[in-house]
Amino acid sequence: MHVVIMGCGRVGSTLARSLEDRGHSVSVIDNNADAFRRLGPTFAGTKVLGIGFDQKVLEEAGIDKADAFAAVSSGDNSNIIAARVARETFGIQMVVARIYDPGRAEVYQRLGITTVATVKWTADQVLRRLLPVGAEPDFRDPSGTIRLDAIAVNERWTGQRTVVFQEQSGSRIAWVDRLGEGVLPTRDSVLQEGDIMHLVMREENAEQVLRVFERGPEVD
């Protein structure tokens, strides 16, 4: 893929290096030449000095051959304008804009521009770590029907097969975080101490799933 990034702050520079590490070509736009220092000496992509929603600047960054565009500067207005130019003028379908104002983010999301509301996302992450297990899901689909919860395996379920938990709780284990890696469970997988289960469930079944988790496995 070729990805154009507007904004070379901490987010933009980290995103650029991550994409390049994965073998993608990257162009980074910023109106401050000093910002490109964040990319480091090994960055092999294109650095373009200018305003990220200027069409000539975008063309210099290779927007005409780009597969995706990310607007992650520090300004909501600049990010939205650039995202709209990338989508509406150059026909880029994969467009993401960082927005600080969550109200604006919801509006632009409805217009088809994928947004990341930084403040709301950070607050949600902190909230999930403050509240008891299951109080707030990691994800809920737009219809409010399906939710995803991350739950650390307790001593009651350590040593139990994942299929047993799924059958008794009525949830699905999408994957398990184990020693820093994601593991896809099979019928023979066994839960271990330190595992974090990522559970998919229907919203109306959430209380039941958490009751089974706290109760532990039923023995035949």
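Which residues are linked in a network of salt bridges? They are R140, R147, D149 and E203. The model you are looking at is predicted, and a search of the whole structure finds 10 salt bridges in it. As background, side chains of opposite charge can pair when their charged atoms come close.

**A pair from the network**
- R147 and D149 form a salt bridge, and their closest N and O atoms are 2.8 Å apart.
- R147 has a relative accessibility of 4%, so this arginine counts as buried, the cut-off being under 20%.
- D149 is buried as well, because its relative accessible area is 3%.
- Both residues also belong to the network with R140 and E203.

**The pair R37 and D34**
- A salt bridge joins R37 to D34, with 3.6 Å between the closest N and O atoms.
- R37 counts as exposed because its relative accessibility is 68%, and exposed means over 50%.

- The side chains of E218 and R215 meet in a salt bridge at 3.5 Å, taken from N to O.
- E218 has a relative accessibility of 51%, so this glutamate counts as exposed.
- R215 has a relative accessible area of 42%, which means that this arginine is partly exposed.

**To take away**
- R147 is buried and so is D149, whereas R37 and E218 are exposed.

Note on methods:
Residues are numbered from 1 along each chain as its sequence is written. This is a predicted model: local features need pLDDT of at least 70, side-chain atom pairs count only at pLDDT 80 or more; totals for chains, interfaces and linings use all residues. Side-chain values use heavy atoms; hydrogens and water are left out. A salt bridge is a side-chain nitrogen of Lys or Arg within 4 Å of a carboxyl oxygen of Asp or Glu. Buried means under 20% relative accessible area, exposed over 50%, partly exposed in between (1.4 Å probe, protein chains only).
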